[in-house]
Amino acid sequence: MRTYTLVASACLLGLVAVARAESSASAAPNAYKGLVPGQATRDQATKVLGDPSAVGRDRYPVPGSPDVTDRVFFGGRGGTLRGVSAGSVDPRYPTRDKIVASLGQPEARVRFQTQELLDYSEKGLRFICEASGKTTGAIYFAAGRRRVPAGYPNTFDLRGKAPTAKPAPAPADFRVGAAEISIAPQRLDDVAADAKEHRYTLHEDLLARVAIFQRGDNKIVLAGLDVFGMAPWDLRALRASLAKRGFDQVFVAMSHTHANVDTIGFYGYYPKAYAQHIVRQTERAVLAAAEKMMPVQSLKIGSVEMPLAGGRVVDLVWNGRNPGLVDPTVSLIQAIGQDGRPIVNVIHLACHPEVIRRNEKRGLSPDYVGTLCKEVRRQLGGQPVFLNGSIGGMLTPDAPVRGYASAVTMGKGFARFVIQAAKAATPTSSYDLWVHHRPVMYPITAEAILKFLEHAPGPVDIVERRVRTEMNAVWIGDAQMITVPGELLPELGFEIMSHMTGRLRLILGLTNDELGYLIPSYDFRAGTYEERTGPGAAGGPITRSVGLELAPLRPPSTPGAR
């Protein structure tokens, strides 16, 4: 009898301990349906959440919201729950007011045009709220250190500040030309070191898409290339050649498609003949656009926000480093010809084109950018030119599966937002074309980058482990752009944009150089992937400092110019 009592008591104590542990987990601020990131296992998650296979790998439907899913992330050998990006309503956090009442003021806050991000990294939570205050996305992850230090600038307001100006008629000397040309390899047996092992095909044509904006003798060239990247010596040769032909303000933006080969040579093999072919073809595209210059009826700009319900743009974009920190804006600069039809549509958004894994598929492709540009041309007319944004950290596809079909689906998905931006576009009040060029020196402390630059296949402007590159402030009408020589993490882009004054504010990533990841000082994590493939700890702070210097600059003819 005594033995039975002892056993029963032990069982009871065990049940109480389990109940307390479960209650503690459920009470954790960052618990998702009782599952705590960093503690719960995949088996436990499956028992609680069920089988997600009907929706997609590790995705669960949200009742009443057919376009939104909860996405669950696992990592480690045991399949530990890493985090959840959820569109389902957490009864603890239904509104902004309830969030603040429960958790206090956020560590960081970003106000987009129609949405808001609240960051509680120390508690393992981030939230997306509508302008009304309703919570539409909750991101759960392992609680840790405060990501944005106390006292650091932490509230960025991206809502329109510039007053709505009266549309101005296009001056007679304002002209626009546009063209595209293939930059696909002429031969596929010399784009990899081992042609037999790395046998590629051309799945979809790769293009250089170019727009030229001209007023009087002043010309600005925007070139968007379907490339992984371009080396500084090749970009220097291209721009020098174009300068001799009268084009001295040239901005070459790399889409960073991972479905093209490494034309920088960073990962071991530099396909010199192919890189030089890209340079020649891009120059041909610029000259072809110059031959098509024509007067415009108007210059229009517009933007639209993609919904961040679920803490990401569902099936399109999510942040693989800091979930929830996504730039949801799709922007458009549109030149309308005298016949009322678009001459060019300059498209801007932020997402890595890496739906297609080149080394798995072997077919070269512009990734989602190809379909995006085709759809915009089909629906709007005119020449599309794609420019990527602050894609660092990693703004990457949220596609349920990878491959060519998913790239097409994503391209069409992004195109729908470009069409919305076109419908919302309004004429500019200015036809200024203005550039402020700013040389920048980056100290290189990341050993992988330093080793490459010191033994690069071509000449690099590097002295005492410092490399020379550039940033630029560019104005086309009411559209203000700042060029960045790498993959800027989005929160640095948010801070710089919050100080810009244009009616349309854009960060042009990977433009005129590609130094890799540019990371905020407070988020630098020594030894991780982004930190190893960028200039080092100073890269983000330098970009931030120069970006904040360029942000308030305006064309001399505009009110309040500096």
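This section describes a strand and its pairing partners, a residue with its surroundings, and a pair of helices in a predicted model.

Strand E3 spans residues 80–86. Of its 7 residues, 5 are buried, so the strand is largely enclosed by the rest of the structure. E3 is paired with strand E2 (residues 65–75) in an antiparallel arrangement through 5 bridges, and Gly75 lies opposite Thr80 of E3. An antiparallel pairing also links E3 to strand E7 (residues 135–141), here through 4 bridges. In this pairing, Ser85 is positioned opposite Ile139 of E7.

Asn472 is located in strand E24, which comprises residues 466–476. The relative accessibility of Asn472 is 2%, and because buried means under 20%, the residue is classed as buried. Its side chain forms a polar contact of 2.9 Å with the side chain of His437. When neighbours within four places in sequence are set aside, the residues in contact with Asn472 include His437 together with Val435, His436 and Arg438. Met481, Ile482 and Thr483 are also among its contacts, as are Phe251, Asn512 and Leu550.

Helices H7 (residues 368–380) and H8 (residues 404–424) pack against each other with their axes 7 Å apart and at an angle of about 40 degrees. H7 is therefore oblique to H8. The crossing of the two helices is right-handed. On the H7 side, the contact is made by Tyr368, Thr371, Leu372, Glu375, Val376, Gln379 and Leu380. H8 contributes Ala407, Val408, Met410, Gly411, Lys412, Phe414, Ala415, Val418, Ile419 and Ala422.

Methods. Residues are numbered from 1 along each chain as its sequence is written. This is a predicted model: local features need pLDDT of at least 70, side-chain atom pairs count only at pLDDT 80 or more; totals for chains, interfaces and linings use all residues. Side-chain values use heavy atoms; hydrogens and water are left out. Buried means under 20% relative accessible area, exposed over 50%, partly exposed in between (1.4 Å probe, protein chains only). Two strands pair if DSSP finds at least two bridges between them. A polar contact is a pair of N or O atoms within 3.5 Å; within protein, one must be able to donate a hydrogen and the other to accept it, and residues adjacent in sequence count only if both atoms are side-chain atoms. Contact means heavy atoms within 4.5 Å. Axes are lines fitted to C-alpha atoms, for helices over the stretch in contact, and angles run from 0 to 180 degrees between N-to-C directions. Angles under 35 degrees count as roughly parallel, over 145 as roughly antiparallel, 65 to 115 as roughly perpendicular and the rest as oblique. A crossing is left-handed if the near helix is turned anticlockwise from the far one by less than a right angle, and right-handed if clockwise.
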